[in-house]
Amino acid sequence: MENEMGLLVVDDEHLERQAIRLILERAEVSIKVVGEARNGRQAVQMAGELRPDIILLDIKMPGMDGLTAAREIREILPTSAIIFLTAYNEFDYVQEALRIGVVDFLLKPIRAQELVDVLRNTRLQLLREREEQSEHKKLQEQLAEALPWLRVNLGLGLIWGLWEDRAAVEQQARLVQLEVLPRVAFGICMENRLESSPASLTRFELLRYQLQRLVEEALNRHPFGLCLPISDRMLIGLWGNRGPEQEQGQRLRQLANDIIETAADRLSLGVTVGLARFCEDISQLPRAAWEAQTAAHLGMFYLGPEQVVHVDELERKVDKDGGVYASRERELLEVLRSGDAEEARRMFREFLISVFEGRGTDLHLIKARLMGVLVAFSRGMGSYGEHAEEMVHAYNKFARRLSLCLSVEELEEWLVDLALSGNNCFGEQAGKVVTGAVKRALAYIHENYQREISLADLSRIIFLSPDYFSRAFKEQVGCTFSEYVLRVRIEKAKKLLAESDLPVGEVGRQVGYSDPNYFSRVFGRAMGVPPSRYRQIVTASRSE
């Protein structure tokens, strides 16, 4: 029979055992007697040998009684079902039986129909439990397979500032087995071994993969961290720990030295580790990631491999070994503080010529150097009194925008805007980086994301031309108008998928996508998995 289960009958009376066997044969249930035992000791032995699905066990037997046998059988077969046979005067055993995990009781003398009903219900319950266990195991396997991707997805979202809801971040952190949210970033810059041949590129890619695995192993020794591949020579680590910041800072340096020593010993590879400042909140992690990259890039550029460089130590360490930094970076800082845009353009071009003459224009390194300038420029933010919070927001905005620059020309415009913001910082409008028009636009998006929102329509509402509004929005928010609408819709969709049973198509309609297939494609591009798969992963994390 389909899904037939085995039954072990345990009773010291031969006629009782035979009666039970006969009842089951006549009832034609999908349960077969696979063995009979006369006492508790024999029952334990046969349970281990036959591994039955169900054990029908008399409580009162000579020698080892049913309760003792049930406890030992439960150790051997934790998922099997035990049913007790008992007389009316034996209910004193019920409490102990429940602790053991007995699923039911049958009273002697046994009535045939009652026996069949109890066994049939027990079989159905076992089938349901096994189906649930199988589904849970399958989900766990899928989760384990997706775990590396999910960890990278969480980390990239944190350093790109894509997570707005802290509760959602904490839920995702639990899903990827991250016990503590990151509080700091560190960058690992590899020494350059790239040559022009394809074979060299392959070897370098393998080396970077091996370094990433090595960093992940180190993070396991110093728990609560993520490792993210950012560029061909750069990895970013996100790390958090419990305890005072000073103690965490010491542990972070231990981690950095551990990575440097292990990379040298196992890979014969020189790396420099750059450390960022600790964050008060996860919203500051994009800033920390850029500080870490800056410290790692510049540390490798000026000081060479096997160095640990904190972003606040950059100017002192590099000034000691590279006089160019001391002169050009300080000149740039003076121009930025003066707010002279044209002078900023001239100084930027001299900066490029003097610093990178004969070394090529590595865009990543230029951006890292400029990030160092931004870090130094921002150190006085705390002195702006009531505008300190706005200054920090401005700093994060410029750090984000710097990361998006794709050419030297864009970097020049970035520096000019930074100079202009420095000039404004001392006026009455200090810190008001996000204008009223953009604030109204953001509020409108959050209130109307379910509807079709066009740039032209929104521009008319806030009384700005589409071109001007588009530029202002990207400068002040850090992403384009369409990217921001997509981000809001995806976050709302994730929340609906996690907290409701709405069909995927309905979720899409509620966040502004009338076509379910288009919604699935958009969600898949944003999250790396389709909506239905995302819901399965979230459900699996909650059932743990």
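Where is Ile159 found? Ile159 is found in helix H5, one of the DSSP runs that are numbered from the N terminus, where helices are H or I of at least four residues and strands are E of at least two. This is a predicted model, in which local features need pLDDT of at least 70 and side-chain atom pairs count only at pLDDT 80 or more, while totals for chains, interfaces and linings use all residues. Residues are numbered from 1 along each chain as its sequence is written, and side-chain values use heavy atoms, with hydrogens and water left out.

The secondary structure of the protein comes to 22 helices and ten strands. Of its 544 residues, 50% count as buried; buried means under 20% relative accessible area, exposed means over 50%, and partly exposed lies in between, with a 1.4 Å probe and protein chains only. Contact means heavy atoms within 4.5 Å. Among contacts between residues at least 6 apart in sequence, 67% join residues at least 24 apart.

Ile159 can be described in these terms. Its relative accessible area is 7%, so Ile159 is buried. Leaving aside neighbours within four places in sequence, Ile159 is in contact with Leu228, Ile230, Leu238, Leu285, Pro286 and Ala289. The C-alpha atoms of Ile159 and Trp290 are separated by 8.6 Å, and these two residues are 131 apart along the chain.

Two helix pairs come next. Helix H2 (residues 40–50) and helix H3 (residues 66–76) have axes that come within 9 Å and cross at roughly 10 degrees. Axes here are lines fitted to C-alpha atoms, for helices over the stretch in contact, and angles run from 0 to 180 degrees between N-to-C directions. H2 and H3 are therefore roughly parallel to each other; angles under 35 degrees count as roughly parallel, over 145 as roughly antiparallel, 65 to 115 as roughly perpendicular and the rest as oblique. On the H2 side the contact is made by Gly40, Arg41, Ala43, Val44, Ala47 and Gly48, and on the H3 side by Ala69, Glu72, Ile73 and Ile76. By class, this contact of H2 with H3 has six nonpolar, two polar and two charged residues. Ala, Val, Leu, Ile, Met, Phe, Trp, Tyr, Cys and Pro count as nonpolar, Asp, Glu, Lys and Arg as charged, and the others, Gly among them, as polar.

The axes of helix H19 (residues 481–499) and H21 come within 11 Å and cross at roughly 100 degrees. That makes H19 roughly perpendicular to H21. Leu486, Ile490, Ala493, Lys494 and Leu497 of H19 make the contact with Phe519, Val522, Phe523, Ala526 and Met527 of H21. By class, the contact of H19 with H21 has nine nonpolar, no polar and one charged residues.

Phe523 is found in helix H21, and at 0% relative accessibility it counts as buried. Not counting residues up to four places away in sequence, Phe523 touches Ile490, Ala493, Lys494, Leu497, Gly528, Val529, Pro530, Pro531 and Tyr534. Phe523 and Ile490 are 33 residues apart along the chain, and their C-alpha atoms are separated by 6.6 Å.

The aromatic rings can be followed from here. A search of the whole structure finds seven aromatic pairs. Rings of Phe, Tyr and Trp (its six-membered ring) pair if their centres lie within 6.5 Å; planes under 30 degrees apart count as stacked, over 60 as edge-to-face and the rest as tilted. The rings of Tyr513 and Phe519 have centres 5.8 Å apart and planes at 35 degrees, so this pair is tilted. Tyr513 and Phe519 are buried. Phe523 and Tyr534 form an edge-to-face pair, with 5.6 Å centre to centre and 70 degrees between the planes. That pair links distant parts of the chain, eleven residues apart, with Phe523 in helix H21 (residues 516–527) and Tyr534 in helix H22 (residues 531–543). Tyr513, Tyr518, Phe519, Phe523 and Tyr534 form one aromatic cluster.

Some loop residues have backbone angles to note. Most residues other than glycine have a negative phi, and most peptide bonds are trans. The peptide bond from Lys108 to Pro109 is cis, with omega near -5 degrees. Pro109 has its place in the loop between strand S5 (104–107) and helix H5 (112–159). Ser268, in the loop between helix H8 (245–267) and strand S9 (271–275), has a positive phi near 50 degrees.
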